[in-house]
Structures are given as C-alpha cells and as structure tokens.
Amino acid sequence: MSATLVDIQSIKTAKVYSLGEYLSREEWALHKHEFYNGAIIRKPSRGYSYNKLVGNIFSALHTSVRTVPDKYHAVNSGQKIKANS
C-alpha cells in the first residue's frame, strides 16, 4: 500500500514541461521522447525487425503518395508533428 502512495505522490509532484522546453530538450536528446500534457515520456527502442518493417511501410506509402503531389506527404518516424485535439 505504501508503494502506491509513493507512486501517487510522485505523479502529483512531477514537473510539467512546456512545449518549448520539450522541443529544446529533444534537440540534444540521445533517445526519442513523446510530449503529452506537459509530460515528457521516453519512447522504447525498437529492434532490427521492427525498423525493417517500418522502413518497408514508409517506402510503400511514399511511392503511393507521390502520385498526388502537394496533397499528401509520407515522413519517417524522425519527424515531429503537433496534433491538435
């Protein structure tokens, strides 16, 4: 029970980052992170098989969207995007 209380207390006191702070930190970060509601969350590393699969999917998407110039764009996982809710 005390472990749960400690977890809850650490969540309440966790630092809330601004989008600017997140982007600034990502410029020099060694690992990829996500930004969600002021929290910076480390993304897990992926292995060779996963990266190969993602590369093949990107290649297929890129080939498909080239037929509709300036309407759709395929980007790899290194691209940061902002999704408004």
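## Hairpin, ring contacts and pockets

Strands β1 and β2 make a hairpin in which 2 residues lie between them, and Asn37 in the turn has a positive phi of about 50°. The model is a predicted one. The two strands pair in the antiparallel sense over 4 bridges, with β2 covering residues 39–42. At Tyr36 the bridge partner in β2 is Ala39.

The model holds 1 aromatic pair. The ring centres of Tyr22 and Phe35 are 5.2 Å apart and the planes meet at 25°; planes under 30 degrees apart count as stacked, so this pair is stacked. Because Tyr22 belongs to helix α2 and Phe35 to strand β1, the pair ties together parts that are 13 residues apart in sequence. Are the two partners buried, partly exposed or exposed? Tyr22 has a relative accessible area of 7%, which is under 20%, so Tyr22 is buried. Phe35, at 27% relative accessibility, counts as partly exposed.

Charges over tyrosine rings are found at two places, listed here with the distance to the ring centre.

| Charged residue | Ring | Distance to ring centre |
|---|---|---|
| Lys15 | Tyr17 | 4.9 Å |
| Arg46 | Tyr50 | 4.8 Å |

The largest pocket has a volume of about 850 Å³. Its lining has 29 residues, of which Tyr22, Gln79, Lys80, Ile81 and Lys82 are the closest to the pocket centre. By class, the lining of the largest pocket comprises 14 nonpolar, 9 polar and 6 charged residues.

Which residues line the second largest pocket? The lining consists of Leu30, His31, Lys32, Arg42, Lys43, Pro44, Ser45, Arg46, Tyr50, Asn51, Val54 and Ser77. Helix α3 gives the most to this lining, with 3 residues. The classes here are 4 nonpolar, 4 polar and 4 charged. Arg46 and Tyr50 are both in the lining of the second largest pocket, and Arg46 lies over the face of the Tyr50 ring.

Technical notes
Residues numbered from 1 in each chain as written. Predicted model: local features only at pLDDT ≥ 70, side-chain atom pairs only at ≥ 80, totals over all residues. Heavy atoms only, no water. 1 Å grid on protein atoms, 1.4 Å probe; cavity = no way out; pocket = protein on both sides within 12 Å on 5 of 7 lines; lining within 4 Å. Points joined across faces, edges and corners; volume = space filled by probe spheres on them. Nonpolar A, V, L, I, M, F, W, Y, C, P; charged D, E, K, R; others polar. Pairing = 2+ DSSP bridges. Phe/Tyr/Trp six-rings, centres within 6.5 Å; stacked < 30°, edge-to-face > 60°. Buried < 20%, exposed > 50% of the residue type's maximum accessible area, 1.4 Å probe, protein only. Lys NZ or Arg CZ within 6 Å of the ring centre and 35° of its normal.
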